[in-house]
Amino acid sequence: MATEEIRVSGTVQGVGFRPTVYRLAKACGLHGDVCNDGEGVLIRVSGSEEAITKFVARLQTECPLLAKINQLIRTPYKGEFKFDNFVISTSVSNAIKTEIAPDAAICLQCQQEIFDPFSRFYRYPFTNCTNCGPRLSIIRAIPYDRCNTSMSAFVMCPECAKEYHDVENRRFHAQPIACHACGPSAWLERADGKSVTASMFSMLDDVDAVCTLLQKGEIVAIKGLGGIHIACDATQETVVQKLRQRKKRYHKPFALMARDIEVIEEYCSVNAKEKELLTSSAAPIVLLPATGKKVVAASIASGQNTLGFMLPYTPLHHLILRRMNRPIVLTSGNLADEPQCIDNDEAREKLGTIADYFLFHNREIINRVDDSVVRVIGDKVQIIRRARGYAPAAISLPSGFENVPQILAMGSELKNTFCLLREGEAIISQHLGDLENAAAFNAYEETLNLYLNLFEHKPEVIAIDKHPEYLSSKLGKQLADTNQIKIHQIQHHHAHIAACMVENGIPLDSPPVLGIALDGLGYGDDGTLWGGEFLLADYRKFQRLATFKPVAMIGGEQAIYQPWRNSYAQLIAANLWNDCQQQYADLEIVKFLDDKPLKLLNQLIEKRINSPPASSVGRLFDAVAAAIGIYRDECSYEGQAAIAMEAIVDISSLNNHEETLIYPFNFSFSDRIYYIDTRPMWQALLDDLQRQIPQPVMAAKFHQGLANAIVQMVKHLSQKNLISQVALTGGVFQNRILLEQVTKRLETLGIKVLTHSLVPANDGGLSLGQAVIAAAQLIHES
């Protein structure tokens, strides 16, 4: 007989792991126990060596749906062993090394129960089991036991307690287990404070009444899993416009939810991979081509050819949509740019002028968790916003990072996340938004403190972005000073590239890759703003080989929201403005710019007054979009013009590689760096405007030309540097067309292309890159 201790780490708490261990141990005839502790799951077993080996093998192959085993270590057990059966022991509190599971969409079995009149969970909006339900959104501390969650406020009734303690039941040790008799409840309120009329209750219940309200054109705030959403009928243009005006969200696309795949397919085409994502336990918003027979309200996603759909991921949403044969808007319950509301009183105060009704419940949301957003490009998933369903699942680091000390990376200013690095894995927070908003920054601090306490994380190093004005960097410096911790300042685009390397499994000591980081802007090593970079990089350092010719951002941040500023700056930088006034005076863009205070703008550029030069490809997209007449005057969110231009691209022109359908770019060399010069592109574009070439064709020629210029630069740099792998990163590479065109052309040259799939290409993935660069530099120093 052998006696062993088996240590299992990974996502192994709150996912039905101990019940699985129990059943398998009993099946293999073993004695012993299993318990949760701060490091994960600890198993002690006694039996024949053959039986223990069989047990371990089955544990790995029959792992619960939501579980993930990162490591399983078997050692002989030398302690006292007094078990004549196999039992589940009480959880042990010790040093925290385990993971927290993401919130998971309702499973099929629970779905069936909430619609089964003979089930005790019939129409219960908080039905769950070990295979689904809340995790991160309700947890206060580890181990993941009921007493450490917001479910501690609800005492289990005898029937729930019976299922909770029945090892053969799928709710065995399901911490949020509850029912009508003992669990949270939902209720409907009017936003104006008046009582809900009795006629409303001709419906089955308050939850069912929400469906009727939506069908009648009302706007309803719904408290869900990780926050409060605002909902309305997505097919009624008047209602959607009313929501936009009330929410002060005038153009940014709204997310949609539909009862089932069949409803979604009436509005969008859905391939097998997209269907798999929609129905997964993560249940993200999936961006889909809007090519169905039916259309939603015009202002849902104006200027775009995709719609963001998700399926109901909680029993509450399923019950609301049971009778709904069309999609609903389901957007964050917040004022413009503020974090999503999670508290009932806060919602009454802040959303009372937006919603007509509230559907509240009394299960406290501990952690705000937005909906994740993904899209499929080729056959690969690209995460645009990593939150519910994905965070805070750990990302395993490549070889070489196994023994790094604890590191905290603070992330960026926009689309912020932070990252905790420890023992060969990275824990990245859920999407926390744009920190320039005071409420968002406060939420960022609260979430950071929660994670540090949850994981008992005591960083030895803090990594920050080099930009001196980022609030995350300022907070990082304060924490470092207060706790006398070493700080590492990480260059923005190097962090983008390192994040891409990590998720593609590039080992620590690998040769450098050529990273192409294209985005809005980041603080460069020379104190200027970068945004179109070709960096030869490993995890420790980088060399800037090429960039786009810098162009002034006239008015600084104003250039992000007024694309015409970029058009004028580009034409000035290309020395083409005089030609515009002489040869192209009749063009709309030239007339538009002539009406601006050009003398003042020229002074701003020449004296660099709030008009810093930037190599930003994001602003180049804005400039081209404005020139051809897309959101020329004003945008309400960053990248709006570029997204709209991508949406209109003429696909037939895109597939034609004739030189006449590709805008040209020039290369130059100065101060030991290559530059991509946009002058010839602008000359050709002005000619096309004069010839009245259709917008979709010009948009295609720009995308093709830019992809061609990028690939030609890679070919040129490859002649002087050993380059076998290219990492494509930064927010600009969320553009499907550019990503596909560059990838296809590079692969034709035999170059391996690295892209993102686990973390966003945008600044949402930046904290991961910051953390691993700091780790690599520490290892090198030691």
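This is a predicted model: local features need pLDDT of at least 70, side-chain atom pairs count only at pLDDT 80 or more; totals for chains, interfaces and linings use all residues.
A cavity is a set of grid points where a 1.4 Å probe fits but cannot get out.

**Enclosed cavities**

Across the whole structure, four cavities of 30 Å³ or more are found. Begin with the largest cavity, which holds about 130 Å³ of space. Select Pro 125, Leu 225, Thr 314, Pro 315 and Arg 363; of the 18 lining residues, these are the closest to the centre of the largest cavity. By class, its lining comprises 10 nonpolar, six polar and two charged residues.

Proceed to the second largest cavity, with about 100 Å³ of space. Its lining has 14 residues, and Val 551, Gln 570, Ala 614, Ser 616 and Leu 620 lie nearest the centre. Which element gives the largest share of the lining of the second largest cavity? That element is α15, with three residues. Seven nonpolar, five polar and two charged residues make up the lining of the second largest cavity.

Next, display the second largest pocket, whose volume is about 630 Å³. Select Pro 102, Ser 281, Gly 389, Tyr 390 and Ala 393, which lie nearest the centre of this pocket among its 26 lining residues. The elements that give two or more residues to this lining are α8 (272-278) and β15 (380-385). The lining of the second largest pocket divides into 16 nonpolar, five polar and five charged residues.

**Aromatic rings**

The count of aromatic pairs comes to 18. Select Phe 81 and Phe 83, an edge-to-face pair with ring centres 5.1 Å apart and 75 degrees between the planes. Phe 81 is partly exposed, at 23% relative accessibility, and Phe 83 is also partly exposed, with a relative accessible area of 24%.

Then select Tyr 267 and Phe 309, a tilted pair at 6.5 Å centre to centre with 40 degrees between the planes. This pair links distant parts of the chain, 42 residues apart: Tyr 267 sits in the loop between α7 (261-265) and α8, and Phe 309 in strand β11 (residues 306-310).

For a cluster, select Phe 418, Phe 441, Tyr 444, Tyr 451 and Phe 455, which together form one aromatic cluster.

**Cysteines**

Zero disulfides are found in the whole structure. Select Cys 232, whose nearest cysteine sulfur, that of Cys 211, is 13 Å away. Cys 232 is buried, at 0% relative accessibility. Cys 268 is buried, with a relative accessible area of 2%.

**Ser 652**

Finish at Ser 652, in helix α21 (residues 651-654). Ser 652 counts as exposed because its relative accessible area is 53%, and the cut-off for exposed is over 50%. Show side chains here: that of Ser 652 makes a polar contact with the side chain of Asp 650, at 2.7 Å.

Technical notes:
Residues are numbered from 1 along each chain as its sequence is written. Side-chain values use heavy atoms; hydrogens and water are left out. Helices (H or I, at least four residues) and strands (E, at least two) are DSSP runs, numbered from the N terminus. Buried means under 20% relative accessible area, exposed over 50%, partly exposed in between (1.4 Å probe, protein chains only). A polar contact is a pair of N or O atoms within 3.5 Å; within protein, one must be able to donate a hydrogen and the other to accept it, and residues adjacent in sequence count only if both atoms are side-chain atoms. A disulfide is a pair of cysteine sulfur atoms within 2.5 Å. On a 1 Å grid over the protein atoms alone, a cavity is a set of points where a 1.4 Å probe fits but cannot get out, and a pocket is an open set with protein on both sides within 12 Å along at least five of seven lines; lining residues have an atom within 4 Å of a point. Grid points are joined across faces, edges and corners, and a volume is the space filled by probe spheres set on the points. Ala, Val, Leu, Ile, Met, Phe, Trp, Tyr, Cys and Pro count as nonpolar, Asp, Glu, Lys and Arg as charged, and the others, Gly among them, as polar. Rings of Phe, Tyr and Trp (its six-membered ring) pair if their centres lie within 6.5 Å; planes under 30 degrees apart count as stacked, over 60 as edge-to-face and the rest as tilted.
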